[in-house]
Amino acid sequence: MRYVEEFRDPKAAKGVLAAIARVVDEIGATKEKPVYIMEICGGHTHAIFRYGLDKLVHEGVEFIHGPGCPVCVLPMSRVDECVELAERPEVIFCTFGDAMRVPGTKKSLMQAKAEGADIRMVYSPLDALELARRNPDREVVFFGLGFETTTPSTALSIQQADREGLTNFTVFCNHITVPPPIKALLDDPHMILDGFVGPGHVSMVIGTHPYDFIAEDYGRPLVVAGFEPLDLLQSVLMVLEQIRDGRSEIENQYARVVPEHGNPISLAAIADVYEPRPTFEWRGLGEIDASGLRIRDAYRAYDAEVKFGIGYGAATGRAVVEEPEGCACGAVMTGRMKPTQCPQFGLGCTPEMPLGALMVSSEGACAAYWTYGGARMVEAAE
Ligand code: SF4
């Protein structure tokens with residue numbers, strides 16, 4: 001299969017692993033004093049564990065798992081607001097399946113559905129648009145969630161609803177952007193990050209230049225990477241070579257998919273429909289300036305926060321909810337703790353009974369550890 005098998009070739013992987021080991025030795029990194037490389041995207045975290053790359057690379061490389069899973073960084077207060085919307089009798093609440101089991105303060109969307117709320121799992125905002133056409137007497141709310149990868153499809157749906165004059169379709173907008181949290185992490189004096197593996201799908205939309213500040217202002221290399229094992233190994237090698245050579249540049253390993261300047265149609269749709277919020281709350285990171293998007297006034301008829309007066313659109317302001325006791329999601333998401341170091345991992349928090357979002361999302365770091373070996377580690381410790 002073109003673009004898959006050649007990126008899983010064991011012989012080629014051995015060659016890149018040997019090159020990584022050589023460069024790590026040239027840098028002088030060791031297990032005790034490793035090079036810290038953050039993979040920003042949750043999809044990369046899962047690929048690293050699925051293929052055992054964390055075990056295969058030289059022990060002088062340590063992967064730090066970043067905040068690039070949109071379900072994981074959703075604060076509990078937003079989940080509560082989703083439930084509040086979904087439980088309105090007039091509402092059909094549409095969401096991607098990933099968000100169904102994320103715990104809120106009192107319940108998840110899955111529990112709300114079990115109690116009778118009309119919640120539908122959809123694969124695209126276009127499914128929600130179709131539901132709005134077929135149910136003119138109901139209010140269809142789409143849970144717009146995700147980074148720049150999913151933002152354009154929600155924008156195009158809002159534009160389509162506007163063209164059709166649909167009056168019963170709104171979006172609960174939780175779209176967020178990648179560069180601001182990276183800046184927040186780089187500004188954190190407790191973080192040690194020597195370089196980044198950059199997100200492939202997000203970059204397909206925004207291109208590589210929004211990361212320029214990482215190299216120019218912070219002197220760190222970033223390599224945009226694909227999702228196959230050889231993509232990731234080659235990207236790690238490119239980051240390490242930059243560190244060895246004293247360079248800090250934005251490089252693109254995933255050039256077969258990521259254009260330097262992104263996707264102009266997607267970028268135009270984003271610019272037409274959204275504007276940056278002054279601030280947005282992230283689980284584990286708090287409020288980050290200009291890190292979230294809201295729907296522009298020209299499309300306010302499609303903004304669920306405005307129509308239903310909740311969230312950032314609430315007249316009384318919105319509640320910030322503390323994480324449950326013992327939950328270390330914030331520390332894991334900012335790379336200060338490995339999932340297996342969370343006291344709840346495999347005990348108070350499992351995929352069947354999650355305490356935090358990182359255990360339920362298909363891109364969550366805790367789910368990756370659990371799926372690819374964490375469960376066995378817990379059993380061995382018992
Ligand atoms: S094990 Fe559960 S509570 Fe602990 S960090 Fe992971 S998701 Fe959060």
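**View A. Residue classes around the ligand.** The shell around the ligand comprises 10 nonpolar residues, 1 polar residue and no charged residues (Ala, Val, Leu, Ile, Met, Phe, Trp, Tyr, Cys and Pro count as nonpolar, Asp, Glu, Lys and Arg as charged, and the others, Gly among them, as polar). The model is predicted: local features need pLDDT of at least 70 and side-chain atom pairs count only at pLDDT 80 or more, while totals for chains, interfaces and linings use all residues. Residues are numbered from 1 along each chain as its sequence is written, and side-chain values use heavy atoms, with hydrogens and water left out. Among the residues surrounding the ligand are Cys-327, Cys-329, Phe-345, Gly-356 and Cys-366 (a residue is near a molecule if one of its heavy atoms lies within 4 Å of it).

**View B. Aromatic pair Phe-96 and Phe-142.** The whole structure holds 8 aromatic pairs (ring centres within 6.5 Å; planes under 30 degrees apart count as stacked, over 60 as edge-to-face and the rest as tilted). The ring centres of Phe-96 and Phe-142 are 5.6 Å apart with planes at 80 degrees, so this pair is edge-to-face. Phe-142 is buried, at 0% relative accessibility (buried means under 20% relative accessible area, with a 1.4 Å probe and protein chains only).

**View C. Aromatic pair Phe-345 and Trp-370.** These two rings have centres 5.7 Å apart and planes at 65 degrees, and the pair is therefore edge-to-face. Both Phe-345 and Trp-370 are buried.

**View D. Arg-256 and the ring of Phe-7.** The charged end of Arg-256 sits over the Phe-7 ring, 3.8 Å from its centre (CZ of Arg within 6 Å of the ring centre and within 35 degrees of the ring normal).

Conventions
Phe/Tyr/Trp six-rings, centres within 6.5 Å; stacked < 30°, edge-to-face > 60°. Buried < 20%, exposed > 50% of the residue type's maximum accessible area, 1.4 Å probe, protein only.
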